[in-house]
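Visitor: I would like to learn how to read a protein model feature by feature. Could you show me the general idea each time, and then the case at hand?

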Amino acid sequence: MKIAEITNVDFSLRHFLLPLMRGARARGHEVVGLCAEGPLLDLPRSEGFRVIPVPMARSLNPLTQARCLAALREVFARERFDLVHAHMPISGLLARAAAKSVGVPHIAYTCHGFLFNQPGPWWRRKLSFGLEWVAGRITDTYLTVSAEEAGDAIRLGIHPRATAVLNGRDPAVFRPDAAARAAVRAELGAAAAECVIVAVSRLVRHKGYPELLAAMEQVPDATLWVVGERLASDHGEDLDPAFARAEAVLGRRFRRLGYRHDVARVLAAADVFTLPSHFEGLPMSVIEGMLCGLPVVATDIRGPREMVVEDETGFLVPPMTVAPLAAALQRLASDAALRARMGAAGRARAVERFDEAKVVGRTLDLLGL
């Protein structure tokens, strides 16, 4: 079969779609990626995947999206794919509409989180729900990364056969690694006994950074490393002032590491993983932290609450709050034995539920590949 895997930006294709593309190719299929052009497409292209750039934009501007829809229709008509598999809300809607309009035989969608479940104005949530409902009518295979959102899709009539496939990472790559731990801690100036808390994500408001930075002021026994960057397509307030304040207040207990290609090594060097997001799908970074044997402090929202077992693999705290987050981080920072117990339980749970090979295999089976 000739398959199109479609998402919005290069970051998503590299970090979310590439394992699935590899899996489909290993089963003998021709796989083509489509997304906005970007530097992170160097890896899939170096592996021999053809990636067709299309003018995707994370925007509700109708003119911008009309141009993208036309570009997708032209590509689909020319390439004659057997299966179009779309991802993310806006790119997923456009790809399914374009595929239907040119007669693609099979249309699939993986939901990485519903916009109508996210905070925002009522009109945006209603518009999002309406578009999801309409797009569900033209979707043959409907997948979600979160079991809770598969339930939402069925309950709300978006698709009668929505199925959760979860997300996954490779346990052989993301794992406890004593050598990496020693090397990275030496590189970043962390003492052997120092408790390092790490957060890995895009640097946007809804990942909970203002709350996390404020909470760290109440966790004097720990250092915070932040891994990630703000994408050019990200919206919302600039977090640089909040990070600048944290650098002034926390001093050497705060390090911004930027975008790293060695995230697995950085996680292996840390002691606690945190992601205090306001909304999520099923965050890959939490899986990575769990596989590296780290206890996780996350928010009690869709996605993370399917991953973290309270008081067993970590702690769940209310979103957009500081005191509970600080208390959970401090509890772990002051108890190495608790960190070790929760980290080991978290890795075991992640290997069982979030092994990349299992997730990719299940997804390909559901796609009929």
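**Reading the model step by step**

Guide: Let us begin with the record, where the UniProt annotation "domain: Glycosyltransferase subfamily 4-like N-terminal", from an unreviewed entry, covers residues 20-171. The model itself is predicted, and in it the span 20-171 is 44% helix and 18% strand, with its end C-alpha atoms 16 Å apart.

Visitor: Which residues of helix 7 are buried, and which are exposed?

Guide: The general idea is that an α-helix has 3.6 residues a turn, so residues three or four places apart point the same way. In helix 7, which runs over residues 178-188, the buried residues are Ala180, Val184, Arg185 and Leu188. They lie on the same side of helix 7 because they cover an arc of only 120° around the axis, while Ala178, Ala179 and Ala186, on the other side, are exposed.

Visitor: What do the buried residues of helix 7 pack against, and where should I look at its ends?

Guide: Those buried residues pack against strand 8 (195-200), strand 9 (222-227), strand 10 (254-258) and helix 10 (263-269). The N-terminal end of helix 7 is capped by Asp177, which has a side-chain oxygen 3.1 Å from the backbone nitrogen of Ala179, and just after the helix Gly189 adopts a positive phi of about 75°.

Visitor: Which residues touch the most other members in the largest nonpolar core?

Guide: In soluble globular proteins, nonpolar side chains tend to be buried together. Here the largest such core has 34 residues, of which Val198, Trp225, Leu267, Phe273, Val286 and Phe354 touch the most other members. At least two residues of this core come from each of helix 7, strand 8, strand 9, helix 10, strand 11 (272-275), helix 11 (284-291) and strand 12 (296-299). A second, separate core holds 30 residues, including Ile197, Leu212, Val219 and Ala326.

Visitor: Is Glu280 buried or exposed, and which side chains does its side chain meet in polar contacts?

Guide: Here the cut-off matters, since buried means under 20% relative accessible area. Glu280, in the loop between strand 11 and helix 11, counts as buried because its relative accessibility is 13%. Its side chain makes a polar contact of 2.7 Å with the side chain of Lys207, and another polar contact, also of 2.7 Å, joins the side chains of Glu280 and Ser277. Leaving aside residues up to four places away in sequence, Glu280 touches Lys207, Leu275, Ile301, Arg302 and Pro304.

Visitor: How far apart are Glu280 and Gly113 in sequence and in space?

Guide: Glu280 and Gly113 are separated by 167 residues in sequence, whereas their C-alpha atoms are 6.4 Å apart in space.

Note on methods. Residues are numbered from 1 along each chain as its sequence is written. This is a predicted model: local features need pLDDT of at least 70, side-chain atom pairs count only at pLDDT 80 or more; totals for chains, interfaces and linings use all residues. Side-chain values use heavy atoms; hydrogens and water are left out. Buried means under 20% relative accessible area, exposed over 50%, partly exposed in between (1.4 Å probe, protein chains only). Helices (H or I, at least four residues) and strands (E, at least two) are DSSP runs, numbered from the N terminus. The arc is that of the directions from the helix axis to the C-beta atoms. Contact means heavy atoms within 4.5 Å. A polar contact is a pair of N or O atoms within 3.5 Å; within protein, one must be able to donate a hydrogen and the other to accept it, and residues adjacent in sequence count only if both atoms are side-chain atoms. UniProt positions are given in the numbering used here, feature names are shortened, and annotations may be inferred rather than shown by experiment. A nonpolar core is a set of buried Ala, Val, Leu, Ile, Met, Phe, Trp, Tyr and Cys residues joined through side-chain atoms within 4.5 Å.
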